Amino acid sequence: MIETQTKTNIKDYVAQATAANGQVRALAVTATGIVEEIRQRLDMWPVATAALGRTMAAAAMLGAMQKGSERVTIQIIGDGPLEQIVADADGEGNLRGYVQNPHVDVPNSKQGKLNVKTALGEGHLWVIRDLGLGEPYRGGVPLVSGEIGEDFASYFARSEQTPSVVALGVLVGVDLSVRAAGGLILQLLPGATEGIAIMLEHMVRSLPPISSLIDAGSTPEDIIEQAIGELQPKYLHQLPLRFKCSCSRTRCESALIALGTEELDELIKEQGEAELTCRFCKERYTFTREELEALKTQIQAKRCKSQVKGDKD
Ligand SMILES: [Zn+2]
């Protein structure tokens with residue numbers, strides 16, 4: 001299991017608050033350290049860093065809405081060169097994510113910004129919530145903007161019937177490292193008045209970009225104050241974040257066993273060994289010829305056992 005405190009020593013966390021006497025829920029996150037760690041692990045180029053960083057910020061906040069080990073997975077699939085983004089989070093602040101093609105380069109937008117929309121193209125955003133009760137809940141929407149923030153807002157409105165404002169931002173430095181990454185989600189809770197909805201919209205419009213707030217040193221609470229300070233937010237607990245990947249040698253063994261004896265035989269014949277690389281953390285797991293042979297024996301032993309059991313039945 002790969003688990004690290006963020007290398008850059010930046011305190012990444014999610015802050016949560018309710019405001020306007022329970023009519024509004026607010027979450028804000030700083031994720032600069034974790035997004036920089038993932039950039040280094042996956043060797044991402046800037047537009048991939050921006051796209052995955054925004055998705056990680058949203059995933060961290062969605063994770064904070066879950067309880068304990070309940071997991072949420074975000075999957076964005078587009079017809080652009082990035083192809084796919086995946087982010088995993090849980091209610092304990094564990095995060096991991098990857099982008100299918102980290103080495104994507106597209107021209108900047110007319111405003112000189114990293115063009116996430118073009119890199120993603122047309123597609124869908126999926127949210128998979130695993131509450132540990134069997135079949136996970138899966139909801140999705142078509143991408144409406146491709147800049148990710150608005151796409152999450154569309155998801156909350158259409159799939160969860162919760163009117164929301166979602167602002168996500170990543171600032172990439174000239175040396176390609178992550179200078180700032182984070183986000184803000186504001187949601188209208190049941191019973192919210194029309195007046196509060198209008199106030200929220202107005203407040204958000206005058207909010208500076210999230211990435212520039214974080215770059216200037218704002219904490220998640222500072223971001224919530226800047227956005228909706230007038231609505232007297234009451235803060236709940238903070239959720240510290242860390243990069244954690246659940247890959248392991250045992251999981252790789254299971255994946256190899258699932259291939260079956262014939263495919264394993266082919267692997268042994270053609271390559272002599274197997275090397276599996278985790279898409280999330282880039283950890284490499286190698287299996288020698290002898291180890292692959294041992295896995296084959298395991299499959300055969302299992303098969304015999306189930307046959308004997310079958311005979312008895
Ligand atoms: Zn891994």
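Guide: We begin with a definition: two strands pair if DSSP finds at least two bridges between them. The model shown here is a predicted one.

Visitor: Over how many bridges do S2 and S3 pair?

Guide: At least two bridges are needed for a pair. S2 and S3 pair in the antiparallel sense, and Ala-17 stands opposite Ala-26 in S3. The number of bridges between S2 and S3 is 7.

Visitor: Which residue in the turn between S2 and S3 has a positive phi?

Guide: S2 and S3 form a hairpin, with 4 residues between the two strands. In that turn, a positive phi of about 50° belongs to Ala-20.

Visitor: In what order do the strands of the open sheet lie?

Guide: The open sheet is formed by 5 strands with antiparallel pairing. Its edge strands are S9 (164-172) and S11 (234-240), each of which pairs on one side only. Neighbouring strands are turned against each other by 10° on average, direction ignored.

Visitor: At what angle to S10 does H5 run?

Guide: Two helices can be described against this sheet. H1 lies across S3, S9 and S10, running at about 125° to S10. H5 (residues 194-205) packs on the sheet and touches S3, S9 and S10. The direction of H5 makes an angle with that of S10 of about 165°.

Visitor: Why does Val-170 count as buried?

Guide: Val-170 has its place in strand S9. A residue is buried if 20 or more other C-beta atoms lie within 10 Å of its own. Val-170 therefore counts as buried, because its C-beta neighbours inside 10 Å number 30.

Visitor: What distance separates the C-alpha atoms of Val-170 and Ser-212?

Guide: Leaving out residues up to four places away in sequence, Val-170 touches several others, including Val-35, Thr-49, Arg-54 and Ser-211. Val-170 and Ser-212 are 42 residues apart along the chain. Their C-alpha atoms are separated by 8.7 Å.

Visitor: How many residues of H9 are buried?

Guide: H9 (residues 261-271) is followed by Gly-272, whose phi is positive, near 80°. The helix has 11 residues and is hardly covered. The count of buried residues in H9 is 0.

Visitor: What distance separates the centres of domain 1 and domain 2?

Guide: The chain is divided into domain 1, residues 2-245, and domain 2, residues 249-312. Taken over C-alpha atoms, the two centres are separated by 38 Å.

Visitor: Which element supplies the largest share of the side of domain 1 that touches domain 2?

Guide: The contact takes 7 residues from domain 1 and 6 residues from domain 2. On the domain 1 side, the residues divide into 4 nonpolar, 1 polar and 2 charged. H1 (32-42) and S6 (94-99) each supply at least two residues of that side. The largest share, 3 residues, comes from S6.

Visitor: What percentage of the residues of the chain count as buried?

Guide: The chain has 10 helices and 14 strands, and its C-alpha trace spans about 70 × 50 × 35 Å along the principal axes. Among contacts with a separation of 6 or more, 66% are between residues 24 or more positions apart. Of the 313 residues, the part that counts as buried is 42%.

Conventions
Residues are numbered from 1 along each chain as its sequence is written. This is a predicted model: local features need pLDDT of at least 70, side-chain atom pairs count only at pLDDT 80 or more; totals for chains, interfaces and linings use all residues. Domain bounds come from an automatic or database domain assignment. Ala, Val, Leu, Ile, Met, Phe, Trp, Tyr, Cys and Pro count as nonpolar, Asp, Glu, Lys and Arg as charged, and the others, Gly among them, as polar. Axes are lines fitted to C-alpha atoms, for helices over the stretch in contact, and angles run from 0 to 180 degrees between N-to-C directions. A residue is buried if 20 or more other C-beta atoms lie within 10 Å of its own, exposed if 12 or fewer, and partly exposed in between; C-beta atoms are placed from the backbone.
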